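I opened this model to look up a few local features. My notes follow in the order I took them.

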Amino acid sequence: MESPVIQKVLVGAALLIAVGFLVYKYILPKKSKAGKDCGNGSCGC
Amino acid sequence: MSKHINIALIGNPNTGKTSVFNALTGLNQQVGNYPGITVEKKQGICKLDRNLKAHIIDLPGTYSLNASSLDENVVIELLLNKNDKDFPDVVVVVSDVENLKRNLLLFTQIKDLEIPTILAINMADRMSYKGISLDIPYLEKHLKTKIALISTRKNSGIAELKETIQSYKDISTEPCLNASEIDSEYFNRLRVAFPNQLLYKLWLVITQDVNFGKTNRKEIDAITSFKTKSEGDLKRLQQKETIKRYQFINEVLKIGKTVDASQAKDLRTRMDRILTHKIFGYVIFFFILLLIFQAIYDWSSVPMDLIDTAFANLSEWVKDTLPPGDFTNLLAEGIISGLGGIVIFIPQIAFLFLFISVLEESGYMSRVVFLMDRVMRKFGLSGKSVVPLISGTACAIPAIMATRNIESWKERLITILVTPFTTCSARLPVYLIIISLVIPEGSIIGLSYQALTLMLLYLIGFGSAVFSAYLLNKVLKIKSKTFFVVEMPNYKLPLLKNVGLTVLEKTKSFVVGAGKIILAISIVLWVLASYGPGDAFNNAEEIVTEQYASDNLGSEELNKKIASHKLEHSFIGITGRAIEPVIRPLGYDWKIGIAIVSSFAAREVFVGTLATIYSVGNDDEETIKNRMAGEVNPILGGPLFNFASGISLLLFYAFAMQCMSTLAIVKKETNSWKWPAYQLVVMTALAYVVAFASYQFLK
């Protein structure tokens with residue numbers, strides 16, 4: 001972690017995962033969740 | 001020689017069926033098992049007169065003839081098989097006077113099998129306690145039966161029941177419901193295929209795979225050209241049958257049974273009389289709400305301060321311990337600060353669900369639903385809309401899904417459209433942080449201004465939902481009405497285990513569900529706030545040093561100026577300043593603008609976003625609240641979060657449709673983008689106008 005390059009790579013990886021998660025969560029079409037109990041917060045509300 | 005008849009005692013569980021059996025048979029009892037299964041079979045002999053003896057069989061308790069368990073199946077197997085040696089000459093359906101409506105479902109089903117059926121209404125001694133009166137001739141006429149009013153506890157009415165059984169041949173075998181009404185086309189085909197069979201009996205055979213002679217459902221298709229329906233379709237028809245039966249029962253009981261609560265004498269009724277009173281009921285509910293919000297504030301302030309300080313310390317520790325660099329800054333300023341913005345609200349959310357859970361467990365919540373039903377009807381909503389609106393205080397998603405039991409499409413649509421106004425738990429973090437910044441800490445008659453403001457925001461949410469429903473009702477011109485039935489559970493002490501599990505489960509799903517999104521958004525925001533294009537960002541140190549060269553600033557002061565300059569020229573700063581003209585009239589700066597835009601995904605992201613933005617480049621160990629309190633309005637000077645901008649923000653969040661998941665579920669439930677688009681446009685416009693008006697008025 002000493003090297004600035006490693007730190008930048010870690011930041012890049014974290015960013016990639018975060019954006020990937022948000023795209024998966026909000027942009028990609030989902031299969032029907034009918035019947036599944038969507039509790040408080042579990043659906044991102 | 002005396003004659004024998006078979007009598008079957010049938011009823012819902014807990015109706016006192018076995019007590020009736022004991023009263024009729026005395027000591028002449030035998031207990032065994034049904035052949036092949038370990039379900040208890042009780043039978044006995046009752047001498048009705050010199051020439052008539054009754055063989056009485058006490059069948060297992062069941063709610064309907066749609067069996068789901070082995071012991072319920074025993075009842076149907078007997079009633080459908082005339083060849084059974086125990087097949088009854090007469091059935092006595094034992095019911096409980098307090099739950100007559102539910103009990104009559106089973107009665108009407110048995111009656112439709114065209115077997116002479118007597119209705120024994122037990123626990124008649126409770127009628128005066130409950131203020132219940134029955135019009136027996138009316139009920140007998142419309143249920144086409146003989147009724148015996150009995151009380152096994154007081155040992156009354158048993159002789160009359162025996163007399164009624166004796167004259168069982170006079171009882172009409174006419175059915176209550178015409179089976180063809182369930183689905184005329186399907187039942188007509190059934191009649192043609194099986195011309196000599198009783199339609200309702202065939203229907204039970206088909207729907208329940210019960211052996212009837214040598215015929216079962218799968219063989220029906222094979223024997224004749226008749227094609228039965230799929231399992232899904234049959235289940236839908238079964239539901240239709242139940243609804244039709246309840247419609248019939250409601251009609252009969254509307255006149256046949258009256259309950260005058262003012263005449264009732266038991267404790268539960270006395271409590272109901274007060275808690276659902278048309279004036280005191282609302283006053284008590286209002287004071288319970290006051291207590292809840294006050295307690296939320298009083299009890300959670302200490303753990304909240306501890307969590308806030310712990311996250312500030314953790315952030316500082318990470319910065320001091322890990323090697324300096326971008327990733328360390330991301331951890332300290334982005335991830336830890338962002339997560340701190342949600343973890344801090346655990347105590348308040350846990351307390352809120354603790355109170356809601358206690359109210360539900362104690363049976364009081366059903367009384368609230370009943371109370372609210374009166375209000376709802378005045379605004380054109382169905383009583384069934386109350387449940388989604390109240391459960392919307394947790395989350396709009398399950399609340400909108402709960403509208404599926406509203407039969408009228410228009411009423412359901414209105415409920416779906418107005419439910420997002422209800423204050424969901426995602427709004428809570430936003431409200432709590434803003435209230436703590438802009439509402440003074442004082443109190444009036446022991447109630448803090450902050451708790452009162454929070455309660456007012458909940459009432460505004462509920463009021464907006466009801467008022468919008470009223471307007472939509474006028475616009476959409478609803479004609480159809482649905483009826484609303486709520487069963488009032490008995491009052492009971494809440495079970496600690498149930499309450500604990502609810503609080504744990506709700507809090508966990510809030511933190512884990514929202515936490516993942518906040519974590520992801522915090523990372524993206526930190527990157528956008530820590531990098532920027534062009535010389536203004538990359539040469540920030542030189543530009544600022546040169547700009548303030550003559551001011552002799554200390555290094556700390558100069559570092560703050562550099563950090564502020566970098567933030568302003570970062571990607572997020574550029575975006576924020578681009579939208580600033582739109583939000584400036586509401587009293588917000590570009591940082592709040594970014595928080596509003598990012599919280600479109602989920603409202604609670606707002607606090608995490610501000611925590612991340614204010615942390616970037618800030619070396620001080622500060623709590624979220626202190627950082628927000630220290631923000632200065634760049635144009636007017638003074639605190640950015642003042643009374644006017646704070647109220648404007650609170651109202652913006654009270655009305656805005658800041659939840660992508662809710663829009664997605666509305667699209668799914670309405671099968672159209674039109675309604676979520678309408679919600680988004682109207683609610684955002686309303687939020688903007690109200691926030692604008694309040695800021696301009698208060699500033």
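Entry 1: I started at Leu24(B), which lies in helix α1, residues 17-25 of chain B. Helices here are DSSP runs of H or I with at least four residues, strands are runs of E with at least two, and both are numbered from the N terminus. Leu24(B) has 4% relative accessibility, so Leu24(B) counts as buried. The cut-offs are under 20% relative accessible area for buried, over 50% for exposed, and partly exposed in between, with a 1.4 Å probe and protein chains only. I also checked Gly44(B): 20 residues separate it from Leu24(B) in sequence, and 8.5 Å in space, C-alpha to C-alpha.

**Entry 2: ground rules.** This is a predicted model, in which local features need pLDDT of at least 70 and side-chain atom pairs count only at pLDDT 80 or more, while totals for chains, interfaces and linings use all residues. Residues are numbered from 1 along each chain as its sequence is written, chains are lettered from A and ligands numbered from 1 in the order in which they are written, and side-chain values use heavy atoms, with hydrogens and water left out.

**Entry 3: salt bridges.** How many salt bridges are there over all chains? I get 16. The rule asks for a side-chain nitrogen of Lys or Arg within 4 Å of a carboxyl oxygen of Asp or Glu.

I took Glu98(B) and Arg126(B) next; their closest N and O atoms are 3.2 Å apart. The pair links distant parts of the chain, 28 residues apart. Glu98(B) sits in the loop between β5 (90-96) and α3 (100-111). Arg126(B) sits in the loop between β6 (117-122) and α4 (127-130). Glu98(B) is partly exposed at 29% relative accessibility. Arg126(B) is partly exposed too, at 21%.

Then I looked at Asp125(B), whose side chain meets that of Arg153(B) in a salt bridge at 3.4 Å, N to O. This pair also links distant parts of the chain: Asp125(B) is in the loop between β6 and α4, and Arg153(B) is in the loop between β8 (146-149) and α6 (158-166). Are these two partners buried or exposed? Asp125(B) has 18% relative accessibility and counts as buried. Arg153(B) has 60% and counts as exposed.

The last pair stays within one helix. Glu241(B) and Arg245(B) both lie in α10, residues 231-256 of chain B, four residues apart, about one turn of the helix. Their closest N and O atoms are 2.8 Å apart. Both residues are buried. I noted one network as well: salt bridges that share partners join Glu98(B), Arg126(B) and Lys130(B).

**Entry 4: a nonpolar patch.** Which residues make the nonpolar surface patch of about 760 Å²? I list Ile274(B), Ile279(B), Phe280(B), Val283(B), Phe286(B), Phe287(B), Leu456(B) and Leu459(B). Patch residues have over 30% relative accessible area and no salt bridge; nonpolar side chains (Val, Leu, Ile, Met, Phe, Trp, Tyr) are joined within 5 Å, like charges within 9 Å. Areas come from the Shrake-Rupley method with a 1.4 Å probe; for residues, only the protein chains shown count as cover.

Helices α12 (280-321) and α20 (449-476) of chain B each give two or more residues. The largest share, four residues, comes from α12(B). Phe280(B) lies in α12(B). Its relative accessible area is 48%, so Phe280(B) is partly exposed.

Entry 5: α12(B) and α20(B) pack at an angle of about 125°, with their axes 9 Å apart. Axes are lines fitted to C-alpha atoms, for helices over the stretch in contact, and angles run from 0 to 180 degrees between N-to-C directions. The two helices are therefore oblique to each other. Under 35 degrees counts as roughly parallel, over 145 as roughly antiparallel, 65 to 115 as roughly perpendicular and the rest as oblique.
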